[in-house]
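Hi everyone, thanks for making time this morning. Please have a look at the model on the screen while I talk.

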Amino acid sequence: MTTFDLFLQQVINGLSLGAMYALLALGFTLVYGILELINFSHFNVFMVGSFIALWTLQQFGLSGQETILVGLPLAGVLLAAFAVTMLATGAIGVGIERFLLRPLRNVKGPAAMITTIGVSYILFNLILLTVGADSKNFPNPLPPLAFAVGGAVLRLREVLIWIVATLLMLALTFFVQRTKLGKAMRATAQDPEAARMMGVEVDRVIMTAFFLGSALAGASGLIFGLYYNFTSYLIGFNAGLRGFTAAVLGGIGNVPGAMLGGVIIGLVEAIGGQLIGTAWADVIIFAILVLVLVFRPAGLLGRLAPDRS
Amino acid sequence: MHDGGDTILRFEDVNTYYGDLHVLKNVSYTIGRGEIVSLLGGNACGKSTTMKTIMGVVRPVSGRVLFDGAEIQDLPTSARVRRGIAPVLEARRLFPRMTVYENLEMGAYTRPKGAEFAQDLDRVYALFPRVQERRRQIAGTLSGGEQQMVAIGRALMARPRLICMDEPSMGLSPLYVEQVFDIIQQINAQGTTIFMVEQNASMALSIAHRGYVLQTGQVVLSGTAKQLRENPAIREAYLGELQVPGAA
């Protein structure tokens, strides 16, 4: 492979990682945009999502990398896996909000944020205790189809990841821009008190933000498994931190910003890891974050907090 | 005093607190259907708290708030909007990154989006041709006067029977102030009751039927607009017409 081919290959890899981080970043941004709360439980909702996805695939008799599906069975299994995972993690997110965070809604200070850290550790330990500490093989039912792009290899699974992530982000954008509840979400993010006085039930809006964000984290967890062919109770920390960084990089609270930030972090991780060394990827990612925050504190696309005129 | 025969909103001995701070102290108001009632008072006397108490953002510790004869003091804000109360908030408070049209949609949030929505939209556009011109613009980029028109239009989209206005003339140029008060009278003439907090007392009393004067959370004076305009204490304190010799 020439240097250019290596670069091209890392762009392909980076876009897949970026899709995963973007989906994760959206959950941070949706919740922050409305509550100004950094939801650290999101890290491990993502991790639990990858195990729910694993379990769902196992129900279809898939365990290792041996079983390959094509055509309708493949589409059906994937659709079912995404649907089950996203509904389950969405429900977990709603449960966390309803029972653990809502009682703290009007408590000033870091109580709610600390709670999200606590929930994150509970989920982490629940999986450790029930599933065990060793990594689990994650089935990949996709045919090993690959296309040559220059000297780089584009596998079917990358294409699938891109398509799924793009569809989910388009659906979210449509929801937020065009539907009544989506508009209520934007209004609440921009001025919660005014939104309430229009008759918006703010509790419902907050619940929707948790559901959507957590469902996208579930999709991201499934993508993690498909991409790396394993999952473990440990995966939440690294991926979650990158998703969070992506949200801040793009401008936390800003939906397109989270998508952009995710793709940038994914590309930096892949290309930087190739050119300078994998061990340096974290250093580069967080150096970029620090630089962006020094020169553009509100992130690339702006908007730190709900603005009140 | 209003005779109470056709009352739309009534406060009965309402007390509210912010923490330990006693804001409204045994406050009672009676707003008749079809009236424009103005609430006067200095800074931090409880005017905005009155508006927030009507909308359910502040809950009274004691006392009753009646709308159409039914107690509403324990209802959530959304239920009050559904019953027909809409706010025009202090400093307009449009959703700054949504379009003018989306802001109007938010005003109609509790209503189904059918034929009535289209009628209400036509009514707002007829009252404010400028709002129609700007309907695709991002609300935060409008001038203050234009934003106030959208804020009033947004309240009308709820098809309210009572509009609570908090400082509708604040920060507007004199030309816009005239226009806004004209529009308020028109809306009232079309059958909507207006309860208005306003710093600009002479303007407010020129269109109001009646008024209340709040001082440190208590109603100290009430009467018809004419009575209030002619009251020497009001003239001195709010209309700036009498200068006390030697006063700074």
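This is a predicted model: local features need pLDDT of at least 70, side-chain atom pairs count only at pLDDT 80 or more; totals for chains, interfaces and linings use all residues.

Let's start with chain A. It has 11 helices and 4 strands; helices here are DSSP runs of H or I with at least four residues, strands are E runs of at least two, and both are numbered from the N terminus. The C-alpha atoms of chain A fill a box of roughly 60 × 45 × 35 Å along the principal axes. Its radius of gyration is 19 Å, which agrees with the value near 19 Å for a compact globule of 309 residues. That radius is taken over C-alpha atoms, and the globule rule is 2.2 Å times the number of residues to the power 0.38. Buried residues are 50% of the 309 in chain A. Buried means 20 or more other C-beta atoms within 10 Å of the residue's own, exposed means 12 or fewer, and partly exposed is in between, with C-beta atoms placed from the backbone.

One helix pair in chain A is worth a look. Helix 2 (residues 41-59) and helix 3 (residues 71-101) of chain A pack at about 145 degrees, their axes 9 Å apart. Axes are lines fitted to C-alpha atoms, for helices over the stretch in contact, and angles run from 0 to 180 degrees between N-to-C directions. Contact means C-beta atoms, placed from the backbone, within 7 Å. Residues that meet include A:Val45, A:Gly49 and A:Ile52 from helix 2 of chain A, and A:Ala81, A:Val84 and A:Ile92 from helix 3 of chain A. This contact divides into 12 nonpolar, 6 polar and no charged residues. Nonpolar covers Ala, Val, Leu, Ile, Met, Phe, Trp, Tyr, Cys and Pro; charged covers Asp, Glu, Lys and Arg; the others, Gly among them, are polar.

Now chain B. An open sheet of 6 strands runs in the order 6-7-8-3-9-10 with mixed pairing, where two strands pair if DSSP finds at least two bridges between them. Its edges are strand 6 (85-88) and strand 10 (218-224) of chain B. Neighbouring strands in this sheet are turned by 15 degrees on average, direction ignored. Strand 7 (residues 162-166) and strand 8 (residues 193-197) of chain B run parallel, joined by 5 bridges, and B:Asp166 has B:Val197 as its bridge partner.

What packs on that sheet? Helix 1 of chain B does, and 8 of its 9 residues are buried, including B:Met51 and B:Ile54. After this helix comes B:Gly56, with a positive phi near 85 degrees.

Chain B also has an open sheet of 4 strands, antiparallel, in the order 2-1-4-5. Strand 1 (residues 7-18) and strand 4 (residues 62-67) of chain B pair over 5 bridges, and B:Asn15 stands opposite B:Ser62.

Finally, the interface: 20 residues of chain B are in contact with 16 residues of chain A. On the chain B side, helix 2 (77-83) and helix 3 (100-107) each supply at least two residues, and the whole side divides into 11 nonpolar, 4 polar and 5 charged.

Notes:
Residues are numbered from 1 along each chain as its sequence is written. Chains are lettered from A and ligands numbered from 1 in the order in which they are written. Two residues are in contact if their C-beta atoms, placed from the backbone, lie within 7 Å.
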